[in-house]
Amino acid sequence: MTSLQDMPQVQDCAVDSCSYNAEHSCHAGAITVGGDHAHCGTFVEISFRGGLDRNGLVGACHRSDCVHNDKLECHASGVRVGPSTDAADCLTYEPR
Amino acid sequence: MGLRLPVGDVTVLLGPAAVRRQVMAALDDDSGRCASGHSAVRVQRLAAAADDDVHRRIAAIEAVREAPATIVLIDRVTDGLTAPDRRAVLAALRPVATGGRAVLVDDDDPVAALAVADGALRADPAGRLSAESLGDLDYLGS
């Protein structure tokens, strides 16, 4: 078994929002890395439901390469959002 | 607004019972993700029916260990049980966490739940959550 001093150090961490991040250094005792793209698995997050009692709207879209995008506005009849590359991706995106 | 939970730990909700219920009800089971937000993780919520006996409740908890969820919400699974049965059900939560899951517990007897906890979150009357040091609660076990 690998001893503690042989384990690799976290040299830097860019996730400033993590409680264990101080000036880009990880101060957790140890982290776990896993998942489909080797993410830090020491913590997980869950959101609270919130917002207004109606469906949200697409205010703007920066993906000008999407067939539904015209002058940075979405003209799809509706969009679906869900996990893809990230936790919340526009699943209606379609490249031109 | 997100709630960050440590993987491998049992975290117990403290505070007024009604607020704890509101916190559990407000958690979005479809929003589990890794801390960096790049990957979705599954959430499983476990509750018990009033006529579920202790064995059925423990079996349900043990079944979670075979499920792919990374976040497990334990929603008052000991309601209606005697104190010894409650302790037995709560004890079954530890292996769920040590198997690589974050377990959040709301229990009718949060002090009993602290016996198996690694951490605690206190909900104030406004529903705000703050971490509670279990070191401050050591006297409960003395």
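**Talking through a predicted two-chain model**

Colleague: Why is Cys34(B) called buried?

Modeller: This is a predicted model, and in it Cys34(B) has a relative accessibility of 1%.

Colleague: What makes Gly127(B) partly exposed?

Modeller: Its relative accessible area is 24%. The label covers values between 20% and 50%, so Gly127(B) belongs there. You will find Gly127(B) in the loop between β7 (119-123) and β8 of chain B.

Colleague: Which residues does Gly127(B) touch, leaving aside those up to four places away in sequence?

Modeller: Val19(B) and Val23(B). Contact means heavy atoms within 4.5 Å, so each of these two has heavy atoms within that distance of Gly127(B). As for Pro16(B), 111 residues away along the chain, its C-alpha atom is 9.4 Å from that of Gly127(B).

Colleague: Staying with chain B, what makes β4 and β8 edge strands?

Modeller: The open sheet there has 6 strands, ordered β4-β5-β6-β2-β7-β8, with mixed pairing. β4 (43-46) and β8 (129-132) each have a single partner strand, so one side of each is left without a neighbour in the sheet. From one strand to the next, the twist averages 25°.

Colleague: How do you know that β2 and β6 of chain B pair?

Modeller: Pairing takes at least two bridges. Strand β2 (residues 10-14) and strand β6 (residues 102-106) of chain B have 3 bridges, in the parallel sense, so they meet the condition. Val10(B) stands opposite Val103(B) in β6(B).

Colleague: On to the sulfurs: how many disulfides does the structure hold?

Modeller: Over all chains, 0. Take Cys61(A): the nearest cysteine sulfur, that of Cys66(A), is 6.0 Å away. A disulfide needs the sulfur atoms within 2.5 Å, so Cys61(A) is in none.

Colleague: And chain A, how many helices and strands does it have?

Modeller: It has 0 helices and 9 strands. Of its 96 residues, 20% count as buried. The accessible surface of chain A comes to about 7,600 Å², and carbon and sulfur atoms account for 51% of that.

Colleague: Where in chain A is confidence lowest, and where highest?

Modeller: Lowest is strand β3 (residues 33-34) of chain A, with a mean pLDDT of 59. Highest is strand β5 (residues 43-47) of chain A, at 88. The average for chain A is 72, and 60% of the residues score at least 70. Where pLDDT is low, predicted coordinates should not be read in detail.

Conventions: Residues numbered from 1 in each chain as written. Chains lettered and ligands numbered in written order. Predicted model: local features only at pLDDT ≥ 70, side-chain atom pairs only at ≥ 80, totals over all residues. Heavy atoms only, no water. Helix = DSSP H or I, 4+ residues; strand = E, 2+ residues; numbered from the N terminus. Buried < 20%, exposed > 50% of the residue type's maximum accessible area, 1.4 Å probe, protein only. Areas by Shrake-Rupley, 256 points an atom, 1.4 Å probe, with all protein chains shown as cover. Axes fitted to C-alpha atoms, helices over the stretch in contact; angles between N-to-C directions. pLDDT = per-residue confidence, 0-100.
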